[in-house]
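Me: I have a model open and would like to talk through a few of its features. Could we start with the open spaces and then move on to single residues?

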Amino acid sequence: MISPARWALASLFCFVVLAAPALWNGFPLLQWDTGGYLARWYEGILVPSRAVAYGLILNAGSWSNFWPVVVLQSALTVWVIAIVLRVHGLARPAILAGVIAVLSVVTTLPWLTAILLTDIFCGLGVLALYLIMMRRDRLIRAERTALGLLVAVAAATHSATLAVLGGLVIVAACVWLVRRAAMPANRLRAGIFAVLLGAALVPLTNYVVAGRLAWTPGGFALSFGRMLQDGIVAKYLDAHCPDPHLTLCAYKDELPRDADQWFWGSDLFDRLGRFNGLGPKMAAIALGSVKEYPLLQAKAALTAAGRQLVDMRSGEGVLDTIWHTYAIIERYVPAAVPAMKAARQQNGATFGFETLNLLHWPVGLLSMALLPLIVFGLRGERFREARELAAVIALTVLGNAVVCGVFSNPHDRYGARVVWLAVFAIIVAGLARRQRRDIAPR
């Protein structure tokens, strides 16, 4: 039996590696969206694509310069990866340390655990869902409960994560319909319950902050941005203007062709009331254009999903010019301001993402390309579980590309949040040749 001291040492090593970017920075990493999540508790209003659930996590950890959030994200990552390795017969401290060390070098994983952003919860939610549905018999009751709660929390932290997890459950339900032995009903129920609990947490946490049971805003209003960028909005307005019901008719020649510029850098968008003033109007145009140009929409959606599949470079938005996030922290968590201003990120550090992506991007592409080879190429019962993990990750990568690319807009950040799972699946498949049957819960 492996001594607890060796497990403790390996776990500590993994934790430090995952927290290393924040430790070197001297403060948790920040991004454009961090301030939007943090402000939910203080402002008491709902804004598009800023889940209250993650805002509550940030506020709970704000008392010590947000370090508890980095601790939580890093510790959860070590725990989930350790369980996945164990159920695959790879329960060795050296293997755990080696796997996380490799992932921390060749993928964006430590940059997800060290930043105040929801993205790490997508990958963790996928692995937790895989465990409670595919490897449920190898978990003790406490692990099943904790992993189910992790799935729910992950789903509540971002609408795209909820959609990805929900998509995986739908696929599992289809498997149950055609081959029930491969997906027993009790495992399917566990996945459905966890995702539904996550969906319920969204309006419940919104009620805590805003005093009303409501879904986080966004939806088709955000899809409007992708359609604007693809030229579909301009085509729709040209065909329908002038129309007194279409506010944007009067401004159609002033609309930018870049979604990010429209939402986050347009004076016109601000003047017209941003999402509160234009949300329903943008949604109406988005829905109307879907009805009128279904083939054009399908082509644009396929292109966007394809772009999102290959857009997964590390470090998007980790800049020293994220003024909104700085202002939110200065206003609501002033005790953290000295440490924030002293951090390397706020003093011009680039973190070398351009160099890192010379490794991260091709490794990500190669890993995604290898997933189908594992699913369809590895034969025999010995590799069945590695094939199943690779299949779940392949579906995750594809689902994430569709959800984020089609319903929002392709961004490297959205791809980077899941591509490390592909590398992890490849590593597990490679280690399967030395697999041992030491899979009992500890």
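Reply: A definition comes first: on a 1 Å grid over the protein atoms alone, a pocket is an open set of points with protein on both sides within 12 Å along at least five of seven lines, whereas a cavity is a set where a 1.4 Å probe fits but cannot get out, and lining residues have an atom within 4 Å of a point. Grid points are joined across faces, edges and corners, and a volume is the space filled by probe spheres set on the points. This is a predicted model, in which local features need pLDDT of at least 70 and side-chain atom pairs count only at pLDDT 80 or more, while totals for chains, interfaces and linings use all residues. Residues are numbered from 1 along each chain as its sequence is written, and side-chain values use heavy atoms, with hydrogens and water left out.

Me: OK, how much space lies in the second largest pocket?

Reply: The second largest pocket holds about 680 Å³, and of the 26 residues that line it, Met134, Val175, Ala182, Met183 and Glu388 are the closest to its centre.

Me: Which elements give two or more residues to that lining?

Reply: Those are helix 7 (120-134), helix 9 (159-178) and helix 20 (384-407), where helices are DSSP runs of H or I with at least four residues, numbered from the N terminus. Helix 20 gives the largest share, 7 residues.

Me: And how does that lining divide by class?

Reply: It has 17 nonpolar, no polar and 9 charged residues, counting Ala, Val, Leu, Ile, Met, Phe, Trp, Tyr, Cys and Pro as nonpolar, Asp, Glu, Lys and Arg as charged, and the others, Gly among them, as polar.

Me: What volume does the largest pocket have?

Reply: The volume of the largest pocket is about 1,100 Å³, and 44 residues line it, with Asp33, Arg50, Phe263, Trp264 and Arg274 the closest to its centre. Its lining divides into 17 nonpolar, 17 polar and 10 charged residues, and helix 13 provides the largest share, 5 residues.

Me: Switching topic: is Ser223 buried or exposed?

Reply: Ser223, which is in helix 11, is buried because its relative accessible area is 3%, and buried means under 20%, exposed over 50% and partly exposed in between, with a 1.4 Å probe and protein chains only.

Me: What is Ser223 in contact with, leaving aside its neighbours within four places in sequence?

Reply: Ser223 is in contact (heavy atoms within 4.5 Å) with Val406 and Phe407, and a polar atom of the Ser223 side chain lies 2.9 Å from the backbone oxygen of Phe407.

Me: Then helix 17, which of its residues are buried?

Reply: The buried residues of helix 17 are Thr325, Tyr326, Ile328 and Ile329. They cover an arc of only 165° around the axis, so they sit on the same side of helix 17, the arc being that of the directions from the helix axis to the C-beta atoms. The exposed residues Trp323 and Arg331 are on the face turned away from that buried side, and the cover over the buried residues includes helix 2 and helix 18 (337-342).

Me: Last one, which peptide bond is cis?

Reply: The bond from Cys241 to Pro242 is cis, with omega near 0°, and Pro242 lies in the loop between helix 12 (232-240) and helix 13.

Definitions and conventions: A polar contact is a pair of N or O atoms within 3.5 Å; within protein, one must be able to donate a hydrogen and the other to accept it, and residues adjacent in sequence count only if both atoms are side-chain atoms.
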